[in-house]
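Thank you all for coming; I would like to take a few minutes to walk through one model.

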Amino acid sequence: MPRERLYLFDTTLRDGAQTNGVDFTLADKLVIARMLDDLGIDYVEAGYPGANPTDTNFFAEKRPLRACLTAFGMTRRPGRSVSNDPGLVALLDAQADAICFVAKAWDYHVRVALETTEDEMLASIRDSVRAAKAKGREVLLDCEHFFDGYKANPAYALASAKAAYDEGARWVVLCDTNGGTLPHEVEKIVGEVCKAIPGDHVGIHAHNDTEQAVANSFAAVRAGARQIQGTLNGLGERCGNANLVSIIPTLKLKAEFSQQFDIGVPDEKLHTLAHVSHTLDEMLNRAPDRHAPYVGESAFATKAGIHASAIMKEPATYEHVAPETVGNRRKLLVSDQSGRSNVLAELERIGLVVDKDDPRVIRLLDEVKDREAIGYAYEAADASFELLARRMLGKVPHYFEVEKFDVNVEQRVNAKGERVTVSQAVVKIKVGDDTLISVSEGIGPVNALDLALRKDLGKYQSFITGLDLTDYRVRILNAGTEAVTRVLIESADESGEHWTTIGVSPNIIDASFQALMDSIIYKLVKSGAPA
Ligand SMILES: [Zn+2]
């Protein structure tokens, strides 16, 4: 049976830009648009020209993409003509392939928010679709609050969608704007809509307020819809939009969908999904969600030793899909529950060849267990584990030595009469026969120490220039009789690789120092710095 085409519409740059704390620059938007295009997304909605300078600039010139570049905006204002509505005129002039209009599909909003009549709203939809088509644009209509509207007044909700479709809109998109609709309701209502409008002209736009935006998208597809709107990593207002990073692999890897549908994302691009997801987090300066389905660091992680030995023999025993298909990897957690098979598998992944009966494997396992008993957590710190393993095998050169460091924190009144807290670190290191002393000020003591440590590593300095600390996490643990501090530091470098290191000590500065040192040494090992 020939497969049907199912279309993906990304709104990371429009609806996703509504997320708290997200503020895309024009340069960010261009990078993300290209990334989505490269992935094989059909529609890239890049913003709302006229709403802010970034979006206006984005659409001020042609942006060549394979995907259908879409501009978002409102239908003409009630009581005005198309040519008399400056917002609409600007939208029609935007350099876009398609225009996605938004219109009220809930009669309550028409009355209360727009203070107009249903007939005028329907006329506004028809006029706007016609004007955009006359400009040669493909047209979509986002039917805002469609599901709540349909429950309140099905005749009007359907009429709003039908007005756009009858006027020649390529897609009418049913929006669960408040995000409270449940999958069985979505399936039922979309099924009813598809009796009036062919499903290959119907889209779904789901929000995640009941954690079911992805399920709602699939419910709509089962009922006949053939376009899914969503965002990367489920970015979006409140609880977010439907997460395309979960939707894409489900469509490609689950037989129920893959046998029935083709999507624009080719197999070879599916392998880049984890990278795409992490790149967006990187741009937003967020730590990736470790537990994200398919692409999270823990998505294919196994802790217990007995599972690990089964996975090594036959991965399908504990994995619903192969991690490589989405660019992720299997991870066997090295922890106090783990057996020798976990350690061996991790050594193999790192590329360290060791005989399985080598006594050093047991020594390493014992060392991990001893350290975890005092607060280390190697499952969260892959780079520190790798260093521990390499040291056990004598494969970490002695690059440099920190003879001493001194960190001070001073609170005082500055020249302007304000109370300020300043931190300064002095680090004395020995590289070969050279003694190097570096001094740095930082926004806090750990920052000052980090800057001083990385300021001058002598002959190794060139190997760490791309090193960047991307996340710093602190936890106070109650291990035994006294509280200890566990510090996890995530680092990245110019190649885009991320790694995590750990330090544990009753003293937060000392714990941070251990994690910083591991990060620097890991980078030196990874860069092949000579001993
Ligand atoms: Zn939305």
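I will go through the barrel, the open sheet, the salt bridges and a surface patch, in that order.

A word on the basis of what I say: this is a predicted model, in which local features need pLDDT of at least 70 and side-chain atom pairs count only at pLDDT 80 or more, while totals for chains, interfaces and linings use all residues. Residues are numbered from 1 along each chain as its sequence is written, and side-chain values use heavy atoms, with hydrogens and water left out.

Let me start with the barrel, which is closed by eight strands in the order 2-3-4-5-6-7-8-9 with parallel pairing; strands here are DSSP runs of E with at least two residues, helices are runs of H or I with at least four residues, and both are numbered from the N terminus. On average, neighbouring strands of this sheet are turned by 25° against each other, direction ignored, where axes are lines fitted to C-alpha atoms, for helices over the stretch in contact, and angles run from 0 to 180 degrees between N-to-C directions. Helix 5 packs on this sheet and touches strand 5 (98-104) and strand 6, its direction making about 175° with that of strand 5; contact means heavy atoms within 4.5 Å. Strand 8 (residues 202-206) pairs with strand 9 (residues 227-230) in the parallel sense over three bridges, and pairing requires that DSSP finds at least two bridges between two strands. In strand 9, Q229 is the bridge partner of H205.

Next comes the open sheet, made of three strands in the order 13-14-15 with antiparallel pairing. Strand 13 (401-413) and strand 15 (434-442) each have a single partner strand and stand at the edges, so one side of each is left without a neighbour in the sheet. Strand 13 is joined to strand 14 (residues 419-431) by twelve bridges, and V413 stands opposite R419 in strand 14. Helix 18 (residues 445-455) lies across strand 13, strand 14 and strand 15, running at about 145° to strand 15.

Turning to charges, the structure holds 39 salt bridges, each defined as a side-chain nitrogen of Lys or Arg within 4 Å of a carboxyl oxygen of Asp or Glu. One of them joins R14 and D142, with the closest N and O atoms 3.8 Å apart; R14 sits in the loop between strand 2 (7-10) and helix 1 (26-39), and D142 in strand 6 (residues 138-144), 128 residues apart. R14 and D142 are both buried, meaning under 20% relative accessible area, with exposed being over 50% and partly exposed in between (1.4 Å probe, protein chains only).

What ties D493 to K523? Their side chains meet in a salt bridge, 2.9 Å from N to O. D493 lies in the loop between strand 17 (482-492) and strand 18 (498-505) and K523 in helix 19, so this pair ties together parts 30 residues apart in sequence. D493 is buried at a relative accessible area of 8%, and K523 is buried at 1%.

Finally, Y472, V474, I476 and I508 form a nonpolar patch on the surface, with about 330 Å² of accessible area together. Patches are made of residues with over 30% relative accessible area and no salt bridge, like charges being joined within 9 Å and nonpolar side chains (Val, Leu, Ile, Met, Phe, Trp, Tyr) within 5 Å; accessible areas come from the Shrake-Rupley method with a 1.4 Å probe, and for residues only the protein chains shown count as cover. Strand 16 (residues 468-479) gives the most to this patch, with three residues, while I508 lies in helix 19 (residues 508-526) and is partly exposed, with a relative accessible area of 36%.
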